[in-house]
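Here is a short report on one protein model. It moves from the overall fold to helix contacts and then to pockets.

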Amino acid sequence: KTLPNFTDLAKYDWAKDAIYQLAEEGVILGTSDTTYTPGANIRRADFILLLDRLLGLESDGTAKAFTDVPKGSYYYEAVHTARALDIAQGDGDKFHPEEPITRQDMITLTMRAIAATGYLPDTDVHASLTAFLDSEDVADYARDSMEAAVGQKFIIGDQDLLDPLGYT
């Protein structure tokens with residue numbers, strides 16, 4: 001398999017190895033044959049698509065579709081599968097697929113996907129968020145997932161901050 005030659009990673013040396021590893025595994029494709037666009041915000045549906053490719057999500061597909069996820073879109077099947085597995089719960093009938101994903105939503109979706117697929121044998125390791133100055137900014141629906149991600153050392157924060165509402 002020929003790896004892409006992304007020409008826009010010069011300011012992202014810290015991420016290059018991970019980007020190329022994910023490209024080699026077929027998890028990411030880039031925004032063209034030569035660009036990855038590392039400074040762009042990840043959209044909610046695109047993140048679900050990455051989780052789907054990485055973890056091989058599978059369901060019977062019987063869940064009700066989100067009304068704002070167009071059938072036939074390149075991410076429809078991945079989002080529909082994530083909803084069927086209770087990974088993507090959305091906001092009622094809407095998922096807001098084109099909106100940038102926040103850090104807390106990314107962690108919440110990731111931890112739900114890990115639990116749904118059994119990727120980790122022990123997901124009960126949690127840590128308090130009180131050491132982070134912005135822990136009160138974590139939404140109630142995301143708190144358990146954020147505590148689990150900190151407990152698993154998936155995230156360590158940025159100095160004393162989690163930046164749960166920041167985009168990725």
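## Overall fold

Along the sequence, the protein chain reads α-α-α-α-α. It holds 5 helices and 0 strands. Helices (H or I, at least four residues) and strands (E, at least two) are DSSP runs, numbered from the N terminus. This is a predicted model, where local features need pLDDT of at least 70, side-chain atom pairs count only at pLDDT 80 or more, and totals for chains, interfaces and linings use all residues. Residues are numbered from 1 along each chain as its sequence is written, and side-chain values use heavy atoms, with hydrogens and water left out.

The C-alpha trace of the protein chain spans about 45 × 40 × 30 Å along its principal axes.

## Helix contacts

Helix α2 (residues 44–55) meets helix α3 (residues 76–84): their axes come within 8 Å and cross at roughly 75°. So α2 is roughly perpendicular to α3 (angles of 65 to 115 degrees; under 35 is roughly parallel, over 145 roughly antiparallel, the rest oblique). Axes are lines fitted to C-alpha atoms, for helices over the stretch in contact, and angles run from 0 to 180 degrees between N-to-C directions. From α2 come A45, I48, L49 and D52; from α3 come A78, V79 and A82. Contact means heavy atoms within 4.5 Å. The contact of α2 with α3 has 6 nonpolar, no polar and 1 charged residues. Ala, Val, Leu, Ile, Met, Phe, Trp, Tyr, Cys and Pro count as nonpolar, Asp, Glu, Lys and Arg as charged, and the others, Gly among them, as polar.

α4 and helix α5 (residues 140–151) pack at about 75°, with axes 8 Å apart. This makes α4 roughly perpendicular to α5.

## Pockets

The largest pocket holds about 1700 Å³ of space. A pocket is an open set of points on a 1 Å grid over the protein atoms alone, where a 1.4 Å probe fits, with protein on both sides within 12 Å along at least five of seven lines; lining residues have an atom within 4 Å of a point. Grid points are joined across faces, edges and corners, and a volume is the space filled by probe spheres set on the points. Of its 40 lining residues, Y36, I42, F47, L50 and M106 are closest to the centre. α2 gives the most to this lining, 8 residues. The lining has 29 nonpolar, 7 polar and 4 charged residues.

The second largest pocket has a volume of about 280 Å³. Among its 17 lining residues, R44, G90, D91, D105 and Y141 lie nearest its centre. α4 supplies the largest share, 4 residues.
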